[in-house]
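Please open the model in your viewer and keep the selection tool at hand. The stops below say what to select next and what is found there.

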Amino acid sequence: MDSLSKLYGSPLRVYLLLGALAAVGLWCGFHLPISLFPNSAKPEVFVDIPFGSSTSEEFLNSFGKDLEGQLRRLSSRGVNLGSTEAEYRRRNVRYHLKFLWGVDPQLAEREVSNIVNSFASRLSQESREGIWVGLRGGNRGFLAISIYSETRSLDSLYDLLQPTLMPQISKLPDASDPMLYNPNQKEIRIDLKSDVMATLQLLPRDIDEAIRSALTGSAGGSVTLSKETIQLEMPRLIQRVDDLNRVVVPTPSGKTVHLGEVAHIDWSPKSGSNMIFKSSGSPSLILQTTPRPGGNVKRMSEEALEIVRQTLKTLPPDIKYKILVDPSQFIRSAINNVLQEIAIAAMLAVVVLFLFIGSFRNVIAAAIEIPISMVLAFILMRFFGINLNLISLGGLALSAGMNVDASVVVMENI
């Protein structure tokens, strides 16, 4: 009590303490993660592993059961795992891990990745190369931009933007899985002729090995001419889609056939990609990116938009863009509303106190108290892991109005 009496007995000490707390509150406010909505979903981690040359049953018996057991023991590492589901598909297995509330999404993804990476040494090279670990944190919002041209095709526009735009956006620290979607994107489908395959005693993995061999280039050594050394390279056999028909497939009988004899090879738009987007009447590409869990969605959107603006300035003028979804716009609007509410609340408190109490000192105290109390809230928000989002900013705006009533009542009683 004596220490408190000494503190309150010196107004200068009180002002210095409030100033220090306000500085800490401002620092916390600028370092709070910003999202569109609060995290209303439990962290979920997905793991995809292709079977390679194995069947789903062979993979389950050789690797799947052991990996599932290691994943289920995550709770013993301090990461509270809720449930684990394994879905064995035609060519790969997907593990779906749901964690409990309060688990750090980054920690969950890192622990799962550590287990999968340590287990990957037991898998075939094809399976190792196809491993994918992804995280879904829920309600993070996304940025969507339409990019179009009235004179260029979507394919030529995609070939121009993919190498210039996407590497820059992929480097953003807050961005997760950026994608430039092309509705005309094509895929190669190889449908095996089952009757021919059975006659030649071929298996799907024989076709797979033949295609992989044709897709692989190799170094052929070097040749020294005078003082110059020339490196020799053996390029891969497949350079165009038509080359697939000429891929040589060895059969168990010792004979060889071409892939075109045992399969139908089709190059057409990707299955399921029948959506067409238009901007100003022209077909368009869609640039989409989501923030990583815990990332700053406002900063991600603003930095991505700046990259798009600067990149398009260096490209021909016929390439244009339109913003479809910009979460930073909602965040900026909410922040401006909070600042506006604080200003109005402080002004109302000052006017009421000056008219009915007439003490200029009390008026100044009330004008300082309202914004400081809002700033101090940032300290508790950071301490309890609450991020800035539309809901928390709405709560701050509501508390600004409540502070007016508190200021008037307390000052009147004093």
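Helices here are DSSP runs of H or I with at least four residues, strands are runs of E with at least two, and both are numbered from the N terminus. This is a predicted model, in which local features need pLDDT of at least 70 and side-chain atom pairs count only at pLDDT 80 or more, while totals for chains, interfaces and linings use all residues. Residues are numbered from 1 along each chain as its sequence is written, and side-chain values use heavy atoms, with hydrogens and water left out.

Now select the whole patch, which is formed by Ile344, Met347, Leu348, Val351, Val352, Phe354, Leu355, Phe356, Ile357, Phe360, Ile364 and Ile368, and which has about 1,200 Å² of accessible area together. Such areas come from the Shrake-Rupley method with a 1.4 Å probe, and for residues only the protein chains shown count as cover. Patches are made of residues with over 30% relative accessible area and no salt bridge, where like charges are joined within 9 Å and nonpolar side chains (Val, Leu, Ile, Met, Phe, Trp, Tyr) within 5 Å. Both α11 and α12 (360-383) supply at least two residues each to the patch. Ile368, found in helix α12, is partly exposed at a relative accessible area of 45%; buried means under 20% relative accessible area, exposed over 50%, and partly exposed in between, with a 1.4 Å probe and protein chains only.

Next, select Glu302 and Arg332, which form a salt bridge whose closest N and O atoms are 3.1 Å apart. Because Glu302 lies in helix α10 (residues 297-313) and Arg332 in helix α11 (residues 327-356), the pair ties together parts that are 30 residues apart in sequence. A salt bridge is a side-chain nitrogen of Lys or Arg within 4 Å of a carboxyl oxygen of Asp or Glu, and by this rule the count comes to 10. Glu302 is partly exposed at 30% relative accessibility, and Arg332 is partly exposed at 32%.

Which part of the chain does Asp66 link to through its pair with Arg122? The two side chains meet in a salt bridge of 2.5 Å, N to O, and the pair links Asp66 in helix α3 (residues 56-72) with Arg122 in the loop between α4 (105-119) and α5 (125-129), 56 residues apart. Asp66 is partly exposed, with a relative accessible area of 32%, as is Arg122, with 40%.

Finally, stay with helix α3 and select Phe59 and Phe63, which both lie in this helix, 4 residues apart, about one turn of the helix. The structure holds 5 aromatic pairs, where rings of Phe, Tyr and Trp (its six-membered ring) pair if their centres lie within 6.5 Å, and planes under 30 degrees apart count as stacked, over 60 as edge-to-face and the rest as tilted. The rings of Phe51 and Phe59 are tilted, because their centres are 5.3 Å apart and their planes stand at 50°, and both Phe51 and Phe59 are buried. Phe59 and Phe63 also form a tilted pair, 5.5 Å centre to centre with 55° between the planes. Select Tyr88 and Phe119 as well to complete the cluster, in which ring pairs link Phe51, Phe59, Phe63, Tyr88 and Phe119.
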